Amino acid sequence: MTVDLNELSRRIIEGDADKAIELTKAALEGGVPVQEILTRGLVGAMNTVGERFKRGEYFLPEMLLAGEAVKAAVEQLKPALIRGEAGYTGKYLIGTVQGDVHDIGKNIVAMMLEGNGWEVTDLGVDVAPEDFCSAVDKNGYHIVGMSALLTLTMSNLAKTIDALKAAGLRDRVKIMVGGAPVTQAYADQIGADGYAPDAVEAVMVAAKLLGKS
Ligand code: B1M
């Protein structure tokens, strides 16, 4: 069966999770590279959904359904994303900052890190600065990665870094930030050690931060 990634994208935009699962499986079985499924099939669809939401053509329920469809599709990609042959790289703590429930991109970053030898702990979404701090304190991570998708929650990246400083934990870890509204300039401004615009680069930046690239 040949798989049309535009059809996959269309089904996600419509919020049809069952069809999204079926088409993602078929694309994988048909030998379509996982990165191509991600970028052409899934991320493109989310951008269209975001544009429709901004224009007032889509409302929260449609955005939610599309989000569920893309999450279902990403689950199908998980085995391919984590099937890395890399040896152990390090311990990585990841989460979406407080006030923010967007986790699709963060989950992709986490899966790709796992595929590249990282032992990843995912704190989930809406993670308070003190929860990042207590995880760092207890578990000795090499890197803390934070995701923010809303302009409004970007400042919680800075708040979390400040909380790590106040708790005397800042120097124990490298800090990476990402998410659609985040830029290298903002990462520099708030004192993060690394920034990546997408999951592929996140893996490269993480390795670089540990001097492993
Ligand atoms: Co929301 N939402 N949303 N949403 N949503 C956006 C982000 C928005 C841009 C849509 C729009 O208006 N065009 C807009 C934000 C505007 C802004 O602040 N600039 C928005 C809004 C306004 C909202 C609400 C406020 C809507 C409302 O309630 N009125 C609300 C907020 C809820 C909250 O968080 N408190 C809300 C809710 C939701 C849903 C729950 C319905 C759903 C999320 C479902 C979920 O995540 N489980 C949702 C969705 C799906 C979106 C869009 C359509 C898609 C997001 C996504 O998954 N993208 C989004 C529009 C858009 O992004 N175009 C939108 C695909 C994903 C693969 O990309 O997450 O960017 P991304 O991740 C990339 C990179 O950014 C990077 O790598 C990833 C993979 O390549 N990356 C990192 C991410 N994290 C990283 C960390 C790193 C490194 C790289 O290092 C640690």
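# Reading the labels: exposure, salt bridges and helix faces

User: Why is arginine 40 called partly exposed?

Analyst: Arginine 40 has a relative accessibility of 44%, and the label follows because buried means under 20% relative accessible area and exposed over 50%, with partly exposed in between (1.4 Å probe, protein chains only). The model is predicted, so local features need pLDDT of at least 70 and side-chain atom pairs count only at pLDDT 80 or more, while totals for chains, interfaces and linings use all residues. Residues are numbered from 1 along each chain as its sequence is written, and side-chain values use heavy atoms, with hydrogens and water left out.

User: What makes the contact between glutamate 36 and arginine 40 a salt bridge?

Analyst: A salt bridge requires a side-chain nitrogen of Lys or Arg within 4 Å of a carboxyl oxygen of Asp or Glu, and the closest N and O atoms of glutamate 36 and arginine 40 are 2.8 Å apart. Both residues lie in helix α3, four residues apart, which is about one turn of the helix; helices are DSSP runs of H or I with at least four residues, strands runs of E with at least two, numbered from the N terminus. Glutamate 36, at 29% relative accessibility, is partly exposed.

User: How do you know that glutamate 22 and lysine 19 are about one helical turn apart?

Analyst: They stand three residues apart in helix α2, and therefore about one helical turn separates them.

User: How do you know that the buried residues of α2 lie on the same side of the helix?

Analyst: The buried residues of α2 are Ala20, Leu23, Thr24, Ala26 and Ala27. They cover an arc of only 165° around the axis, which puts them on the same side of α2; the arc is that of the directions from the helix axis to the C-beta atoms. On the other side, Asp18 and Glu29 are exposed. The buried residues pack against α1 (5-14), α3 (34-54) and α4 (60-82), contact meaning heavy atoms within 4.5 Å.

User: What makes the buried residues of α6 line one face?

Analyst: In helix α6 (residues 129-139), Pro129, Phe132, Cys133, Ala135 and Val136 are buried. Seen down the axis, they fall within an arc of 165°, so they line one face of α6. The face turned away from that buried side carries the exposed residues Glu130 and Lys138. Among the elements covering the buried residues are β1 (90-96), β3 and α7. Just after α6, glycine 140 takes a positive phi of about 55°.
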